[in-house]
Amino acid sequence: MNITRRELHRAAMWMALGSMAAPLRARAQDAPRWIANPFALGVASGQPRPESVVLWTRLVPSDADDALGHGALTVKHEIFADAQLRRPVARGKTVTDASRAHSVHVIAQGLAPQRDYWYRFTCGSAVSAVGHTRTAPAAGSDVRRLRFALASCQHYEQGYFAAHREIAGRDLDVVLFVGDYIYEGSNPSYAIRQHGTRTPHTLDDYRGRHALYKGDADLQAAHAAHPWILTWDDHEVVNDYADDRDPAYTDPARFLRRRAAAYQAYFEHMPLALAPQGAAMRIHDRYAWGRLAELWTLDCRQFRSHHACPDPERDAGRTLVECAELGDPKRTMLGVDQEHWIDRGLAGSTRQWKLIGQSTQMSAAGFDTPEGRKVWTDGWDGYPEARRRFLQGAASAGVRDLVVLGGDVHRHVAADLRVRPNDRGSPVVASEFVGGSVTSRGASRASMDRMRRDNPDVKHARGDERGYALIELTPERMHCELRATPHPVQERASFTTQATYVVEAGRAGVQAA
C-alpha cells in the first residue's frame, strides 16, 4: 500500500482535470488585480520522490479583496533550476476555488533525481515568496548522506516557533514532522500568545486554526527552505481521539463529521498529494533515499483500537496500574492492514537504514509503584501487544539498522528497543529517538529522571526544554543531535545541544557520542 507512481499519476490527473473544468463552470479569473498579496500563508513542498515533489500554497484574500475570493482563481507555478530564477524547467497553472479554501497542490513530475529546485506561484498581479525544494535520489543510487530535522508538537499559545527559524537555516534534505501540527485546545495557564478563536469543530474553524499557524513567519521559513514529510497525531483533530471516538464519547457519526472537517483542512494546508475521502485519509507512506535509507510514516490514530479500560466519564489517555485489557492480542495501534503493510515493507527492504516516522514514544515509559506498574494508555504502553508484534516481526525478519522516530510526549528521548521492554534477556532489536516539542510544555527533570530509573532502556530523557532533533545518516552511522532551548520558547530564542547520540551501523541501540 505504498503511494505508488500510479497513485501519483492518478492524483495529478484529477488535479489537472479539475483545473481544466473549473474555468468552464466557474469562469476563473486569470489576472485579478490584488490590493493585498493573497499569498500570506507562504509556500511549501513535500513528499519528495526521485522524479517528483508536491508544491503547495493557499490564496487568502484580504477584506479589501473579499470579492475576489468568491469565485475560481487561476494560479500559475514556475519551477527553476537555480536560486536566481534564470533557468526555468517547468511551469503550469491550477484553478482553485473556495470549496478547497483556494489551496493549490501541484504534483510536479518529470524532475531530475537528487536535484535542488526553486519555485514560486503567481495569481494575476500577486507573486508568492520563492520556495526551495529537493528531489530524492534515484532508487539505486549510492548515497553517502541524508540529513533531516525531526520535529513535532507546536502549540501556538505555549511558545514561539523559533525552532523553525533554526531549521530553515540548516542544510537539510528534508524535514520530518510527526504530529500535532496544530492544537485544537487551549490552556490559559501556559499561554504566552493567543489562538484568539474557539476550539474548532467545523471546516471553517479548522481552516482558521491552520491559517493562524501558517501565518507564523518562522514556520513559513522552514516550509519555504526544505521539502517536508508529514504524519499526524491527535491534536490535528482533538486530543487523544482513537479511531471514531473522542474523549467526550460523542456519537461516532457526529465525531466522524468533525474528523472529516479536520482532515479536509489539514490537506488544504499541507504539501500532500492525496486528498481525504470524507472522514478517511491516507497519511501512511513510504520514501526511499537511494540505497542508503527507507522511511515509512505511520498513522497511529485513524485505525487504532479504543483506549483500554477507559474512564466512563471521559475517554482520554490516563495512567493505570491494573488493566487486563492491555494484554488483549487483538488490540492494535495501527490497524491490521497497516500492521501487515509495515511488516512486509521492513522484511522486503533492501536499503541499509530503515526509519519509522510515527507520532509517539515507542519505548516503555511507565513508572514502578508499590501498587504495580503504572502506564499511560494513550501511548505505545497502552498497546503493548501491538508494540511486541511490530518489534518481534522486525526481529524475526532479520531487519537490521532499524530506527524509530517519534514525537507527542514533549521530551527528547534516546532509547533502545527490545521485544520485551527493559528485559536484559531480550536483545536490543532497534533504536529510538524522540525529537522533543517545538513549543508544547513537558515534564520536569525529576519526573524524567524517575522515568529513566524505572525504564533502563531509556538512555536519555529531558522534558523541561523545547526543541527538535537534527539527524544525519551515513553508511557508517546515524548521528542525532538533540537541539534545545528553555521553556517557554521566546520569540528570539537560541538553541544549544542538549545531548548527542549515535547508532552504529550493524549494532542496534543508542550510544552517547
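Helices (H or I, at least four residues) and strands (E, at least two) are DSSP runs, numbered from the N terminus. This is a predicted model, in which local features need pLDDT of at least 70 and side-chain atom pairs count only at pLDDT 80 or more, while totals for chains, interfaces and linings use all residues. Residues are numbered from 1 along each chain as its sequence is written, and side-chain values use heavy atoms, with hydrogens and water left out.

**The helix pair**

Two packed helices are described by the angle between their axes and the distance between the axes. H3 and H5 pack at about 35°, their axes being 8 Å apart; axes are lines fitted to C-alpha atoms, for helices over the stretch in contact, with angles from 0 to 180 degrees between N-to-C directions.

**Along H5**

Next, select residues 252-268. H5 has 17 residues and reaches 24 Å from its first C-alpha to its last, close to the 24 Å expected at 1.5 Å a residue (1.5 Å times one less than its number of residues). Among its buried residues are Phe255, Arg259, Tyr263 and Phe267; buried means under 20% relative accessible area, with a 1.4 Å probe and protein chains only. The buried residues of H5 pack against strands S2 (52-58), S5 (103-109) and S11 (227-230), as well as helix H3 (203-214).

**Aromatic rings**

Now display Tyr156, Phe161 and Tyr213, which form one aromatic cluster. Rings of Phe, Tyr and Trp (its six-membered ring) pair if their centres lie within 6.5 Å, and planes under 30 degrees apart count as stacked, over 60 as edge-to-face and the rest as tilted. Tyr156 and Phe161 are both buried. Arg193 lies over the face of Tyr156, 3.7 Å from the ring centre, and Lys214 lies over that of Trp56, at 5.0 Å; the criterion is NZ of Lys or CZ of Arg within 6 Å of the ring centre and within 35 degrees of the ring normal.

**Val510**

Finally, centre on Val510, in the loop between strand S24 (496-504) and strand S25 (511-512). Val510 counts as buried because its relative accessibility is 9%. Not counting residues up to four places away in sequence, Val510 touches residues including Ala414, Phe433, Lys459 and Tyr501. The C-alpha atoms of Val510 and Asp368, 142 residues apart along the chain, are separated by 24 Å.

Technical notes: Buried means under 20% relative accessible area, exposed over 50%, partly exposed in between (1.4 Å probe, protein chains only). Contact means heavy atoms within 4.5 Å.
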